[in-house]
Amino acid sequence: MLDIRQLYRATNPSRTLNVADANDRELYIDFSAVRCGSTIEEMRDKISFFSPDEPTVQLFTGHLGCGKSTELLRLANELQKQDFHVIYFESSQDLEMGDLDVSDILLAIARRISESLSELNQLELDAPRGLQRLLQGAASQRTQPA
């Protein structure tokens, strides 16, 4: 008998799958063949093989519910297996999507970086200068009148 709740949970486009979880991995479908290649593998190689010691910038876009978050979690999982430190968070967890400013995004990113480094015990009371400048710059942007 068809369980409509189970069907909804399995096909809900707003639910992010985490392929590191065995139950989610069972629901994951690899669409790389119809996407003309695997963007995630290309991004992984650019980060981990071609530029492991340099910052890279990647743009990953798509329609609502097309699997961006699921694929980015897959990328995060693959990079973590290669001993990269990955900070992943969903913007809706930290940001009010109806009232969004660039400084809000910078502060959310800086906060997540700071929390992640604190968890690794790599961030002491004196934050690294680059992170400190980023936080101060984002805070000053936030306090300036529009």
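This is a short talk through the structure shown above, from its overall make-up to a few of its residues.

Before anything else, please keep in mind that this is a predicted model, in which local features need pLDDT of at least 70 and side-chain atom pairs count only at pLDDT 80 or more, while totals for chains, interfaces and linings use all residues. Residues are numbered from 1 along each chain as its sequence is written, and side-chain values use heavy atoms, with hydrogens and water left out.

Let me begin with confidence, where pLDDT stands for the predictor's confidence in each residue, on a scale from 0 to 100. The mean pLDDT of the protein is 79, and 81% of its residues reach 70 or more. Over residues 123–127, however, the pLDDT is below 50, and this stretch has six contacts in the model beyond near neighbours in sequence, a contact being heavy atoms within 4.5 Å. Where pLDDT is low, the predicted coordinates should not be read in detail.

Turning to the overall make-up, the secondary structure comes to seven helices and zero strands, and along the sequence the pattern reads α-α-α-α-α-α-α. These elements are DSSP runs numbered from the N terminus, with helices being H or I over at least four residues and strands being E over at least two. Among contacts between residues at least 6 apart in sequence, 51% join residues at least 24 apart.

The accessible surface of the protein comes to about 11,200 Å², and 52% of that belongs to carbon and sulfur atoms; areas come from the Shrake-Rupley method with a 1.4 Å probe, and for residues only the protein chains shown count as cover. Of the 146 residues, 23% count as buried, where buried means under 20% relative accessible area, exposed means over 50%, and partly exposed lies in between, again with a 1.4 Å probe and protein chains only.

Now to helix α3, residues 39–50, and a question to go with this helix: which of its residues are buried? They are I40, M43, R44, I47 and S48. Seen down the axis of α3, these buried residues fall within an arc of 105 degrees, so they line one face of the helix; the arc is taken from the directions from the helix axis to the C-beta atoms. On the face of α3 turned away from that buried side sit the exposed residues E42, F49 and F50. The cover over the buried residues of α3 includes α4, which spans 68–81.

That brings us to E78, a residue of helix α4, which counts as buried at 16% relative accessibility. Leaving aside neighbours within four places in sequence, E78 is in contact with E41 and R44. From C-alpha to C-alpha, E78 and R44 are 7.5 Å apart in space, although 34 residues separate them in sequence.

Charged pairs come next. Side chains of opposite charge can pair when their charged atoms come close. A search of the whole structure finds nine salt bridges, each being a side-chain nitrogen of Lys or Arg within 4 Å of a carboxyl oxygen of Asp or Glu. E41, R44, D45, E71, R74 and E78 are linked in a network of such bridges. Within this group, the side chains of R44 and D45 meet at 3.0 Å, N to O; R44 counts as buried at 18% relative accessibility, whereas D45, at 28%, counts as partly exposed.

Another salt bridge joins the side chains of R112 and D94, at 2.7 Å from N to O. R112 lies in helix α6 and D94 in helix α5 (residues 91–94), so the pair ties together parts that are 18 residues apart in sequence. The side chains of D24 and R15 also meet in a salt bridge, at 2.5 Å, N to O; D24 is buried, with a relative accessible area of 7%, while R15 is partly exposed, at 33%.

M97, L100, I105 and I109 make a nonpolar patch of about 320 Å². Patches are built from residues with over 30% relative accessible area and no salt bridge, joining like charges within 9 Å and nonpolar side chains (Val, Leu, Ile, Met, Phe, Trp, Tyr) within 5 Å. I109 lies in helix α6, residues 102–119, and counts as partly exposed at 35% relative accessibility.

Lastly, L64 lies in the loop between α3 and α4 and counts as exposed, at 88% relative accessibility. The C-alpha atoms of L64 and P13 are separated by 7.8 Å, with the two residues 51 apart along the chain.
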